[in-house]
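Hi,

Here is the structure I promised to pass on. Have a look at it first, then read my notes below with it open next to you.

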Amino acid sequence: MRALALLVLTLLTGCRAPLVRHEFARAAMGTEFRLVFYAPDAASAERAAAAAFTRIEALDAALSDYRAESELACLGRTSDGPCPTDWTLISHELALVLAEAEDVARASGGAFDVTVGPLVELWRRARRQGELPTAERLATARAAVGWRALELDRTRGAVRLLAPRMRLDLGGIAKGYALDAALAELADQGIERALIDGGGDLLAGAPPPGVRGWRVAISGLDSADPGADRAAAYFELAHAALATSGDLERSFELAGVRYSHILDPRSGLALTEQRLVSVLAPNGMSADAWATALSVLGPEGLALVAERAGFSARIVAASAAGLDVFGSGSFSAALSCATPARSGPGAQNP
Ligand code: AMP
Ligand code: MG
């Protein structure tokens, strides 16, 4: 009798097995990637997760600034010789990321700039040695930075570097692209209801069965006490990305001043403003890049995001008076009114 009931149910539901929630995690790109999705069975879930992780790892190998043999690092070294460099043909993935990077650099007036590599290295050294960069070192690094000195031929998929000793750093955008690529990989495997968390940057596909979106939370600057975290926000995310920039964990202190891992490429200086930026966007790569750009621009940059279809943003800024919250466009409208179960970056899954 039960078997008959099951058979009838199976026929009624179009012969599809019920979807079951699966979760996988793996370290990549200096963080942890977590996949949460609905699949009909464990075997297809594992196949899909393996495909998504393989894609993320391949991107990590090509786009990392840490790996000496990555495509990105090799490209940077071409500028150690005579200048400008010859055109270098690049991979489809790198061309896509550099095209978006160029668009955001132009739109943000150079606040976002993937040629910041020499400055990133300079400020990493400052952190290690516990002393600020000298004016001379700063000037040398700045001479090798500038988004206009990275010339991209979108038709041919080629680049050339116009300044000596340039170094590219995709730390502000590559993770977002990896989210997009991983979600596409899951879709190729027939998985549509998925959420991917790349160290706090989120990308959602279709929602879990029966609900409007994936319940996700972002914390405010004052996340030590979730109860008092008035800037915390909750979303139901579907077919959209939510990126966050400006985490305090990666900042460091020198002579009582807190310096961020995000730099203003226009001055060469590490940011000292304490800001937490969240950007909602149609895809992971744009969300990631704009979250970094707005960290540099501050609230004045919100208008740039508001004019883009499907984008909205929020900036929580620390001031002497406490926390100021600035919002653009539909960001507040996108907030879910639901009471959160817990606070903090990352996903709260149904
Ligand atoms: P995110 O956490 O996405 O804001 O990215 C921060 C990382 O991007 C840093 O660790 C650097 O590797 C790189 N970065 C820092 N400042 C900038 C900038 N102004 N534009 C582009 N990338 C940056
Ligand atoms: Mg970013």
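Let's start with A25: why does this residue count as partly exposed? Its relative accessibility is 43%, and partly exposed covers the range between under 20% (buried) and over 50% (exposed), so A25 falls in that middle class. One thing to keep in mind as you read: this is a predicted model.

You'll find A25 in strand β1, which runs over residues 20–28.

Strand β6 spans residues 194–198, and it is mostly covered: five of its five residues are buried. Both faces are covered too. On one side you have A194, I196 and G198, and on the other L195 and D197, all of them buried.

So what does β6 pair with? One partner is strand β2 (residues 31–39), which pairs with β6 in the antiparallel sense over five bridges. Another is strand β7 (residues 201–204), again antiparallel, this time over four bridges.

β6 and β7 form a hairpin with two residues between the strands. Look at G199 there: this residue takes a positive phi near 60 degrees.

Now for the ligand. Where does ligand 1 sit? You'll find it in the largest pocket. There are 16 residues around ligand 1, and the ones that come nearest are A111, D169, S245, L263 and T292. Helix α8 (residues 284–297) gives the largest share of this shell, with three residues.

- S245: a polar side-chain atom lies 2.5 Å from an oxygen atom of ligand 1.
- T292: a polar side-chain atom is 2.7 Å from an oxygen atom of ligand 1.
- L263: here a polar backbone atom is 2.8 Å from a nitrogen atom of ligand 1.

And how much of ligand 1 does the protein cover? On its own, ligand 1 has 500 Å² of accessible area, and the protein covers 96% of that.

Cheers

Technical notes
Residues are numbered from 1 along each chain as its sequence is written. Chains are lettered from A and ligands numbered from 1 in the order in which they are written. This is a predicted model: local features need pLDDT of at least 70, side-chain atom pairs count only at pLDDT 80 or more; totals for chains, interfaces and linings use all residues. Side-chain values use heavy atoms; hydrogens and water are left out. Buried means under 20% relative accessible area, exposed over 50%, partly exposed in between (1.4 Å probe, protein chains only). Two strands pair if DSSP finds at least two bridges between them. A residue is near a molecule or strand if one of its heavy atoms lies within 4 Å of it. A polar contact is a pair of N or O atoms within 3.5 Å; within protein, one must be able to donate a hydrogen and the other to accept it, and residues adjacent in sequence count only if both atoms are side-chain atoms. Accessible areas come from the Shrake-Rupley method with a 1.4 Å probe; for residues, only the protein chains shown count as cover. On a 1 Å grid over the protein atoms alone, a cavity is a set of points where a 1.4 Å probe fits but cannot get out, and a pocket is an open set with protein on both sides within 12 Å along at least five of seven lines; lining residues have an atom within 4 Å of a point. A molecule sits in a cavity or pocket if more than half of its atoms lie within 2 Å of its grid points.
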